[in-house]
Amino acid sequence: MSAVEAPELRGSAAASAHRVRAVARRHWLVLRRSPHRIFDVLVWPVVDTLLYGSIGLFAAKATGAAGGGTQTGSGTELGTGTAFAVFLLSGTVLWHLVHQTQISLATGFLEETWSRNVIGLLTTPLRGWEYLAGVGLFALVRTALSTLAVATLAFGAYAFDVTSLGLGLIPVAALLLLCGWAVALAVVGLVLRYGSGAEALVWGGLSVVMPLSGVFYPVSTLPGALQPVAQALPTTHVFAAGRALAGGGPTPWRELAVATLGTVTLLLLALFFLGRMVASFRRRGLVTRYS
């Protein structure tokens, strides 16, 4: 009788890829089997688009008779209300890129705390970077669904085509995704260190950054004391680049360069902070909070 052959073991890279996919699939199944979780993915983005799109449309109609114009970077004159509507809609689409990325990554970790699964993760061969990669992959899918809903409604209801921003939209979107991940990593570190009391930062932390980033307006309109703070944020320069593209101007490479430097710095600081918080989490035995 021939011996049964043992299945071939995966190599190191294949095993890591398998674990990353498993983490992403775990969170996808949670989302798919819990319809109420679709609220954050689709309902809020759609509500924001209706709100800011309708405000912009109202402004366009209210100022149409006045004949006011706004000069764009390409020399094309837009009506004041039309320009306002374009900036509102483009800002809404771009904001949901960073917002949904941050929410998806942070709540992905919170799912482990809510289900008391943190200690289970620590006892598996799963490495920290593999877990982050898996949750990040799921966050990309969730962000894509949300952004697609926003962009579709903006085009169907307000005739705003986000692809009109051109190829410059690619680096802008990439930088916003990285900014969202950086903020999420910092928030996860705070939750690990301070427990469930810090969970409010998952939904509120990035909202503090929103008015300082000039999502819908230049930071020159902020109070003077806040302008230096706003200029130090990489998101400020990303949204400034997005507004320039929405106004029909050329790709603002200087703003993108400053935003890239700031985003990389922010991401490295967030990773360092998370590493310190994980080390403190293990050393202090804080895993008992979630077991």
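User: In this predicted model, why is Ala244 called partly exposed?

Analyst: Ala244 has a relative accessible area of 28%. Buried would need a value under 20%, and exposed one over 50%. The 28% of Ala244 falls in between, so the residue is partly exposed.

User: Where is Ala244 placed, and with which residues is Ala244 in contact, leaving aside its neighbours within four places in sequence?

Analyst: Ala244 belongs to helix α9, which covers residues 234-246. Beyond those neighbours, Ala244 is in contact with Gly249 and Pro252. Contact here requires heavy atoms within 4.5 Å. Gly168 is 76 residues away from Ala244 in sequence, with a C-alpha to C-alpha separation of 9.9 Å.

User: What makes a residue part of the lining of the largest pocket, and which ones lie nearest its centre?

Analyst: A lining residue has an atom within 4 Å of a point of the pocket. For the largest pocket, 22 residues line the space, and Leu122, Gly128, Tyr131, Val278 and Arg282 lie nearest its centre. The elements giving two or more residues to this lining are α3, α4, α5, α6 and α10. The most comes from α10, with six residues. The space in this pocket is about 520 Å³.

User: How do the lining residues of the second largest pocket divide into nonpolar, polar and charged?

Analyst: The second largest pocket has a lining of 13 nonpolar, two polar and no charged residues. Val183, Ala186, Leu206, Val209 and Leu266 lie nearest its centre.

Terms used. Residues are numbered from 1 along each chain as its sequence is written. This is a predicted model: local features need pLDDT of at least 70, side-chain atom pairs count only at pLDDT 80 or more; totals for chains, interfaces and linings use all residues. Side-chain values use heavy atoms; hydrogens and water are left out. Buried means under 20% relative accessible area, exposed over 50%, partly exposed in between (1.4 Å probe, protein chains only). On a 1 Å grid over the protein atoms alone, a cavity is a set of points where a 1.4 Å probe fits but cannot get out, and a pocket is an open set with protein on both sides within 12 Å along at least five of seven lines; lining residues have an atom within 4 Å of a point. Grid points are joined across faces, edges and corners, and a volume is the space filled by probe spheres set on the points. Ala, Val, Leu, Ile, Met, Phe, Trp, Tyr, Cys and Pro count as nonpolar, Asp, Glu, Lys and Arg as charged, and the others, Gly among them, as polar.
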